[in-house]
Every structure is written in structure tokens, then in C-alpha cells.
Amino acid sequence: MSALLQARALHLRFGAVVALDDVALDLWPGEVVAIVGESGSGKTSLLRVLAGMQQAKGEVHYHAADGVAHDVLSLSDAAKRRLMRSQWGFVHQNARDALRMDVSAGGNVGERLMAAGARHFGAIREEAAHWLARVEIDPARMDDSPRHFSGGMQQRLQIARTLITRPRLVFMDEPTGGLDVSVQAKLLDLIRGLVADLGLAVLLVTHDIAAARLLAHRMVVMRHGRVVEAGLTDRVLDDPQHEYTQLLVASVLAA
């Protein structure tokens with residue numbers, strides 16, 4: 001079995017700022033990998049490069065469902081859009097970056113199916129209702145505007161929109177950021193269940209060590225654009241080797 005996503009020798013600078021410095025990463029089918037680090041560590045830059053949203057020096061290869069290996073950094077914009085509509089998904093920290101606020105909740109979920117080729121209105125609406133229920137939104141609110149949803153509901157709606165096409169790989173950028181603690185806990189439980197049920201591969205960027213422990217099989221710790229430690233999540237958190245990882249874990253324990 002080949003890795004689903006492979007990155008090697010990634011380098012990225014923004015002027016004098018080093019965002020990525022010789023970063024390598026593998027993601028296997030059905031695996032959840034958390035990328036953690038403080039603000040400015042390079043974790044979001046890495047996620048954007050891996051998702052084809054930011055150019056960088058180096059190599060990123062995605063092994064598609066049909067066995068074809070795609071060079072992500074060389075793909076055309078149209079090819080990236082095709083992948084993002086079908087085999088990939090992206091969950092933003094701010095749901096409003098993904099949702100169309102002037103379209104109903106059901107329309108937001110259903111239009112991703114339409115982009116993938118679905119055309120039967122009744123079937124699309126039925127599937128949208130199924131996914132609203134699956135993310136714990138009352139299907140009776142299908143025709144409501146997302147403007148009238150809470151932040152947690154908007155995030156669950158974004159997740160339904162992302163997963164309705166059953167992608168193989170999902171990129172998540174701080175999916176619980178900015179939400180109340182009680183809402184975060186419920187959302188994390190929901191994400192964990194969906195990831196397990198669907199067998200998704202997930203790259204999760206988070207500053208929340210507790211979220212990483214709950215969701216991720218492996219963890220990558222970044223600082224100043226470099227990977228300073230990587231390994232099984234429990235091993236990294238229970239026996240951190242790098243002094244920076246030790247500080248991150250200690251800061252959580254002291255909170």
C-alpha cells in the first residue's frame with residue numbers, strides 16, 4: 001500500500017520569514033495526522049501547500065483512487081478544483097469562508113453534490129437532509145439561511161458540505177478554533193465519529209493538544225518552519241523528546 005500523500009523537501013519563504021524549512025510528511029489511507037505548533041510555526045503554511053493552495057519548492061504527490069500519482073505542485077488550477085470537488089475536502093477555521101451565506105443550509109450541502117455531477121433534485125435534497133441529520137442539524141432547518149445558525153452549527157454545516165461527496169482526504173485548519181469550550185467538545189466528538197465511520201485520511205492543523213490527542217493517530221510538531229518531532233500521538237505527548245514539545249505539553253498541563 002502506498003502513502004496517500006507524500007511531501008519531501010518543502011521550502012517556503014515570505015520575504016525574510018522562513019515558513020517551511022526542508023519539511024517532509026507522509027499520510028496513509030485512513031490515518032489522521034495532527035500538525036501542531038504555536039502561531040507562526042508554519043503549520044498552516046504546510047497545510048496550504050499540501051492542499052495545493054500555496055506554491056512552494058519541493059515535492060508533493062497524491063495517490064488518487066485510480067492509482068494515478070499526481071504532482072500536486074504542478075497541477076493546473078482546474079485539476080486542483082476537480083480533486084477538491086471529489087477526492088479532497090477542506091474544513092476552514094471560519095465556516096463562513098466555505099459557506100454561501102445567501103444560500104439555504106440544504107443548498108450549501110447539496111451544491112457540492114451538483115458540482116460532482118448529481119442532477120436529480122429530489123435525490124440531492126434527500127441526501128442533504130441525511131447529512132444535516134448526520135451532523136446533528138435538524139433537517140427541518142434545511143431551508144434556513146446559515147446566517148441564522150450559531151457558530152457551532154455553521155461549522156457542522158461546513159463539515160456536512162465537505163463530507164457529502166465522501167472524499168478520501170480532508171484538510172482541517174483549526175476546525176474548533178473560536179468556539180466555546182462546550183461546543184468544541186461536541187464538535188470534536190462528532191468529527192471523531194465521522195472520520196472513523198468514513199475511514200477518512202485527515203490532516204489536522206491545531207494548536208489544541210487535547211484535540212490532537214483525541215483525533216490523531218500521529219502528530220507532527222513544528223517550530224520556525226521545521227518539524228522538530230513526529231511520531232505516534234500518545235508517544236509524543238506522553239514522552240516528548242524535543243525541548244519545544246516538552247514546553248507545549250507542559251503549558252497544557254499547567255493550564
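Author: Rolling a probe the size of a water molecule over the atoms shows where empty space is left. Here the largest pocket holds about 410 Å³. A pocket is an open set of points on a 1 Å grid over the protein atoms alone, where a 1.4 Å probe fits, with protein on both sides within 12 Å along at least five of seven lines. The volume is the space filled by probe spheres set on the points. This is a predicted model: local features need pLDDT of at least 70, side-chain atom pairs count only at pLDDT 80 or more, and totals for chains, interfaces and linings use all residues. Residues are numbered from 1 along each chain as its sequence is written, and side-chain values use heavy atoms, without hydrogens and water.

Reader: Which residues lie nearest the centre of the largest pocket?

Author: Arg-81, Met-84, Arg-85, Phe-90 and Arg-112, among 18 lining residues. The lining comprises 6 nonpolar, 4 polar and 8 charged residues. Helix 2 gives the largest share, 5 residues.

Reader: How do helix 3 and helix 5 pack?

Author: Two packed helices are described by the angle between their axes and the distance between the axes. For helix 3 and helix 5 the angle is about 25° and the axes are 7 Å apart. Helix 3 is therefore roughly parallel to helix 5 (angles under 35 degrees count as such).

Reader: Which residues of helix 3 and helix 5 meet?

Author: Ala-105, Asn-108, Val-109, Glu-111 and Arg-112 of helix 3 meet Leu-157, Ala-160, Arg-161 and Thr-162 of helix 5, contact being heavy atoms within 4.5 Å.

Methods. 1 Å grid on protein atoms, 1.4 Å probe; cavity = no way out; pocket = protein on both sides within 12 Å on 5 of 7 lines; lining within 4 Å. Helix = DSSP H or I, 4+ residues; strand = E, 2+ residues; numbered from the N terminus. Nonpolar A, V, L, I, M, F, W, Y, C, P; charged D, E, K, R; others polar. Axes fitted to C-alpha atoms, helices over the stretch in contact; angles between N-to-C directions. Parallel < 35°, antiparallel > 145°, perpendicular 65-115°, else oblique.
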